[in-house]
Amino acid sequence: RSRFIVRRPPAEHFNGVVMVEWLNVTGGPDKDIDWWLSGHHFVREGYAFIAVSAQQVGLDTLKEWSPGRYGTLDVTHDGMVERDGLSYDVFSAVAKAVLRQGENPASGQIDILGGLRAETLIATGHSQSAGRLATYFNNIHPLDPVFDGGMVHGGGGRLRDDQDVRLFKVMAETDMRRRAADPQPDTSYFRQWEVAGTAHADYDFEVEYSRMRLLADGQPLAEAAPRNPGCALPTHSRVPFRNVLNAAYEHLVRWVEDGTEPPTAPRLRVARLLPDLELARDKHGNVLGGIRLAAHAVPTANNTGMNSPADGGSRFCGLYGSHEPFEAATLQRLYPTHAGYVEAVREVVGQNLADGYILPYAAARTIRAAEAAKIGR
């Protein structure tokens, strides 16, 4: 007995693709992190979206919050299966409940898409959920395939690429602290992108998390703001990881539907492997290599994926990355005129767009933000 939530567009706007997210339970409650990061994109492009509660700790939080509504939920088979052993079956079962093109519901079956029919089914998950998906695609999915592709981001080990399912991994700088030492090569069934200067839980992530907490407390969403978790460095990279992730979703769908392989991308550069891995950095401390968005390639701050707790700080500080704005003198030296700054941003955005690493609406938004900035004025 589990729970899933369906968000679906009107039939005339449905693009035929259903995203199925493995909800993240780090910290207890279910978190639909893929919706936080890409919900606007999914709505814009006409995706259907299903969020799956597959793990017991998320259900326990629901049961405590509303025992009358959620008290019967259980994914342990009445305590007989421990450590989320049934989570993979739960995830597959929800996917199997999605009706495909040409299918009709069996007698008594609920049509969870409300009349829509899926052409493509994509599994997606972030962080801990990415780790669960890696296990799922490596060991469970080959036994009884149901998904056409998978988006694993912010975590997960090596993914097998010997099965007929396209798998895409998008990683923040934070996520490559150890993984950069043993890169998995791209193949016809696997692609990995690494986004320079991005954090596992960045500024956009934190604002969405704030909105969720405000909503739960009945407070105005306009008050959403990042917390101060007490980290050694100012927190939350401003390099927008979601812009790359959204482009990757579009590439994954085309890869599945017509075989068009996504572009490859340079990996983050490693300065030293031993005794501890160190990523190569420029004179400002910004990492080299990887996909370089305008916020990173035309920097106005030191944005990294790295941080650590100060005394008494949050144990999650290592996930937040850092953001340290440049001093005024540095900005003046780098960008003596506003027009020069905007032109530099335009050049990087144009290259990112040509390379397929961002989408046109994200490109336009980035340029508008540069035009509105005070840099060089």
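Predicted model: local features only at pLDDT ≥ 70, side-chain atom pairs only at ≥ 80, totals over all residues.

Trainee: Why is Gly 28 called buried?

Mentor: Gly 28 has a relative accessibility of 10%, and buried means under 20%, so Gly 28 counts as buried. Gly 28 lies in the loop between strand S2 (17–22) and helix H1 (33–45).

Trainee: Which residues is Gly 28 in contact with, leaving aside its neighbours within four places in sequence?

Mentor: They are Val 57, Gly 58 and Thr 61, where contact means heavy atoms within 4.5 Å. Val 207, by comparison, is 179 residues from Gly 28 along the chain, and the C-alpha atoms of the two are separated by 19 Å.

Trainee: What makes Ser 92 buried?

Mentor: The relative accessible area of Ser 92 is 12%, and the limit for buried is under 20%, so Ser 92 is buried. Ser 92 lies in helix H4 (residues 87–96) and, once residues up to four places away in sequence are not counted, touches Tyr 136 and Val 146.

Trainee: How do you know that the span of helix H12 agrees with its 13 residues?

Mentor: The expected span is 1.5 Å times one less than the number of residues, so helix H12 (residues 360–372) should span 18 Å, and the 19 Å between its end C-alpha atoms agrees with that.

Trainee: Which residues are buried in H12, and what do they pack against?

Mentor: Tyr 361, Ala 362, Ala 363, Ile 367 and Ala 370 are buried in H12, and the buried residues of H12 pack against H1, helix H7 (241–258) and helix H11 (338–355).

Notes: Residues numbered from 1 in each chain as written. Heavy atoms only, no water. Helix = DSSP H or I, 4+ residues; strand = E, 2+ residues; numbered from the N terminus. Buried < 20%, exposed > 50% of the residue type's maximum accessible area, 1.4 Å probe, protein only.
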